[in-house]
Amino acid sequence: MTATIVDGKEIAAAILGEVEKSVAGAVSAGGRRPHLAIVVADDPAALSYTKSLQKKGENVGVEVTVEKAAAARGPGIAVLSALADDPAVDAVILQRPFIDRSVDGELSDLISPTKDVDGQSSASLGALWAGRPCFPASTAAAAVLILEHYDVQIEGAEAVVVGRSTVVGKPAAALLLNRHATVTICHTRTKELAGVCKRADIVIAAAGRAGLVTGDMVKPGAAVIDCGYNFLDDGTVVGDAVFDEVAEVAALTNKAVGGVGPITTAILLKHVAGAAVPTEVESF
Ligand code: NAP
C-alpha cells in the first residue's frame with residue numbers, strides 16, 4: 001500500500017475541540033449556546049442520523065432540537081418558515097430524505113442563508129459558486145478540508161469530481177474551483193469516465209456507486225477522496241472507490257468508514273457555532 005490513509009476521526013476530534021472551546025468562550029462571555037434545529041420526517045435512517053448529531057452537538061455545547069414534521073409539503077413549509085423567523089434558532093437543517101428530491105429542494109430554499117449551515121438552499125449554492133460568504137455543504141467541505149489537511153496542492157491541479165448532486169458533487173466542484181483547481185464534473189452521461197479520472201491529480205468520488213473507481217482509473221500519486229457511503233447486501237459499508245486497489249496507486253485516500261463522515265459532522269457543528277456569531281461566516 002502506498003497511500004496515506006485519511007484519519008477522519010482525528011481530524012474531526014480537532015475540529016470538535018475547537019468548536020467546544022469557542023462555544024464555551026462565548027457562553028462564559030454571557031452569550032447563549034448556539035442552537036441548531038433539525039427538521040426530520042418519520043424516516044428511520046434520518047431519525048437515527050439526527051439522534052447521533054444531537055448527541056455530538058450536545059457534547060460540544062451546541063443545543064440541538066429536533067422538529068418532527070409530517071412528510072408533506074404543507075407541514076414542511078410551516079415548520080421551516082417558523083424556524084426562519086425564530087430568533088432563538090441560529091441554524092436549520094432539513095434532514096433528507098424528507099419527502100422526495102424535488103420537494104426537498106424546494107423546502108430547502110425556505111432556510112435563510114445565515115441559518116443554512118449545510119449549504120442546502122439554492123441561495124447558499126449560488127453564493128458558493130459566486131465566491132461569496134456562505135456555509136458550503138459540509139460533506140463537500142470535508143472532502144476539501146482533507147486535501148488541505150494533508151497539504152495536497154489544489155491550485156493548478158486537475159481535479160475530477162464524480163457526481164453532480166447539490167449535496168456533494170456541485171459544492172465540492174465549486175470549492176475546488178474557488179481554490180484555483182481546473183475542475184471536471186462527471187455524471188452518468190460522462191463518456192470515458194476512466195480516462196477522465198486517470199488524468200486527475202485529485203479525484204472526489206461522490207456517486208453513491210460501490211466499486212465505481214478502480215485502481216486502474218487512478219493516476220499514480222493522485223489524491224482520491226471517497227465520499228461514497230454504500231451498503232452492500234451483507235450490511236458492509238464501502239465507498240465508491242475500490243479501496244485496496246486505489247490505496248496501491250494513490251498518494252492519499254480514505255476508507256468509507258472513519259473518513260469523510262466524522263469530518264462532515266464536525267464541520268456542520270463548526271458551521272452552527274459560526275451561524276451564532278455571524279461575523280464568522282467565511283468566503284469560500
Ligand atoms: P446522489 O444525489 O445520488 O448523486 C449521485 C451523483 O453521482 C449523480 O450526479 C449521478 O449522476 C452520479 N453518478 C451515479 N452513478 C454514476 C456513474 N456510474 N458514473 C458517473 N456518475 C455517476 O448522491 P449524493 O447525495 O451526492 O451522495 C453521493 C455519495 O456520497 C453517496 O454514497 C452518499 O451516501 C455519500 N454521502 C456521504 C456523506 C457523508 O457524510 N459521508 C454525506 C452525503 C453523501 P446523474 O446526475 O447523471 O444522475
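Residues are numbered from 1 along each chain as its sequence is written, and side-chain values use heavy atoms, with hydrogens and water left out. Because the model is predicted, local features need pLDDT of at least 70 and side-chain atom pairs count only at pLDDT 80 or more, whereas totals for chains, interfaces and linings use all residues.

The chain is assigned domain 1 (30-113) and domain 2 (138-261), with bounds that come from an automatic or database domain assignment. The C-alpha centres of domain 1 and domain 2 are 28 Å apart.

The ligand has 21 residues around it, of which R101, R164, S165, T188 and Y229 come nearest; a residue is near a molecule or strand if one of its heavy atoms lies within 4 Å of it. Polar contacts were also examined (a pair of N or O atoms within 3.5 Å; within protein, one must be able to donate a hydrogen and the other to accept it, and residues adjacent in sequence count only if both atoms are side-chain atoms). In the side chain of T188, an N or O atom is 2.4 Å from an oxygen atom of the ligand. Y229 contributes a backbone N or O atom, which lies 2.9 Å from an oxygen atom of the ligand. For N230, a polar side-chain atom is placed 3.3 Å from an oxygen atom of the ligand. On its own the ligand has 930 Å² of accessible area, and the protein covers 74% of this. Accessible areas come from the Shrake-Rupley method with a 1.4 Å probe; for residues, only the protein chains shown count as cover.

Side chains of opposite charge can pair when their charged atoms come close. Five salt bridges are found in a search of the whole structure, a salt bridge being a side-chain nitrogen of Lys or Arg within 4 Å of a carboxyl oxygen of Asp or Glu. One of the salt bridges joins R32 and D90, whose closest N and O atoms are 2.8 Å apart. This pair links distant parts of the chain, 58 residues apart: R32 is in the loop between α1 (8-28) and β2 (35-40), and D90 is in the loop between α3 (73-85) and β4 (91-94). Helices (H or I, at least four residues) and strands (E, at least two) are DSSP runs, numbered from the N terminus. Burial is classed by relative accessible area: buried means under 20%, exposed over 50%, and partly exposed in between (1.4 Å probe, protein chains only). R32 counts as partly exposed because its relative accessibility is 45%, whereas D90, at 9%, counts as buried.

A salt bridge also forms between E58 and R33, with 2.7 Å between the closest N and O atoms. E58 lies in helix α2 (residues 44-59) and R33 in the loop between α1 and β2, so the pair ties together parts that are 25 residues apart in sequence. E58 is partly exposed at 38% relative accessibility, and R33 is partly exposed with a relative accessible area of 33%.

R73 and E106 meet through their side chains in a salt bridge with an N to O distance of 2.5 Å. The pair links distant parts of the chain, since R73 is in helix α3 and E106 in helix α4 (residues 101-108), 33 residues apart. R73 has a relative accessible area of 43% and is therefore partly exposed; E106, at 36%, is also partly exposed.

On the surface, W129, L177 and I185 form a nonpolar patch with about 240 Å² of accessible area together. Patches are made of residues with over 30% relative accessible area and no salt bridge: like charges are joined within 9 Å, nonpolar side chains (Val, Leu, Ile, Met, Phe, Trp, Tyr) within 5 Å. W129 belongs to helix α5 (residues 122-130) and is partly exposed at 35%.

T253, by contrast, is buried, with a relative accessible area of 1%. T253 is part of strand β11 (residues 252-253), and a polar atom of its side chain lies 2.8 Å from the backbone oxygen of V224.

Some backbone features remain. R96 and P97 are joined by a cis peptide bond, with omega about 0°, and P97 is in the loop between β4 and α4. D151 is a residue other than glycine with a positive phi, near 55°. D151 is in the loop between α6 (138-149) and β5 (158-162) and is exposed, with a relative accessible area of 70%. H180, also not a glycine, has a positive phi of about 70° and is located in the loop between α7 (169-178) and β6 (182-186).
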